[in-house]
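Subject: Handover of a structure and notes on it

Dear colleague,

Please find the structure below, followed by a short account of what was found in it. Kindly keep the model open while reading.

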Amino acid sequence: MDLHLTNKHVLITGGSKGIGLACAQGFLAEGAKVTLVSRDPGNLTAAINILTAHYPSSSVHTKIG
């Protein structure tokens with residue numbers, strides 16, 4: 001599916017696990033740049049490891065909030 005998200009920026013709150021992480025994977029697969037927000041630094045680190053393993057050339061940023 002092409003959602004025309006290449007080089008668009010998506011902000012996902014609660015993006016370190018569950019539905020938020022699944023959304024991040026979908027947006028990265030579509031070529032979007034993603035920023036994840038989470039209250040838990042440990043979950044955020046785990047999410048970054050997962051996303052960069054599957055999408056090594058993608059743009060993923062984080063914010064602890």
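Predicted model: local features only at pLDDT ≥ 70, side-chain atom pairs only at ≥ 80, totals over all residues.

Residues are numbered from 1 along each chain as its sequence is written, and side-chain values use heavy atoms, with hydrogens and water left out.

Overall form

The C-alpha trace of the chain spans about 30 × 20 × 15 Å along its principal axes. Buried residues (under 20% relative accessible area, with exposed meaning over 50% and partly exposed in between; 1.4 Å probe, protein chains only) make up 31% of the 65 residues. Of the contacts (heavy atoms within 4.5 Å) with a separation of 6 or more, 64% are between residues 24 or more positions apart.

Glu-30

Glu-30 sits in the loop between α1 (18-29) and β2 (33-38). Glu-30 is buried yet has no salt bridge, a term for a side-chain nitrogen of Lys or Arg within 4 Å of a carboxyl oxygen of Asp or Glu. The nearest side chain of opposite charge, that of Lys-8, is 12 Å away; here Lys and Arg count as positive and Asp and Glu as negative, with His and the chain ends not counted. A polar atom of the Glu-30 side chain does lie 2.9 Å from the backbone nitrogen of Leu-3. Leaving aside residues up to four places away in sequence, Glu-30 touches Met-1, Asp-2, Leu-3, His-4, Leu-5 and Thr-6.

Most residues other than glycine have a negative phi. Phi of His-4, however, is positive, near 60 degrees, and phi of Asn-7 is positive as well, near 65 degrees. His-4 is exposed, with a relative accessible area of 61%, and Asn-7 is exposed at 55%.

Ala-22

Ala-22 lies in helix α1 and is partly exposed, with a relative accessible area of 43%. Ala-22 and Leu-51 are 29 residues apart in sequence and 9.8 Å apart in space, C-alpha to C-alpha.

With kind regards

Note on methods:
Helix = DSSP H or I, 4+ residues; strand = E, 2+ residues; numbered from the N terminus. Polar contact = N/O pair within 3.5 Å; in protein donor to acceptor, adjacent residues only side chain to side chain.
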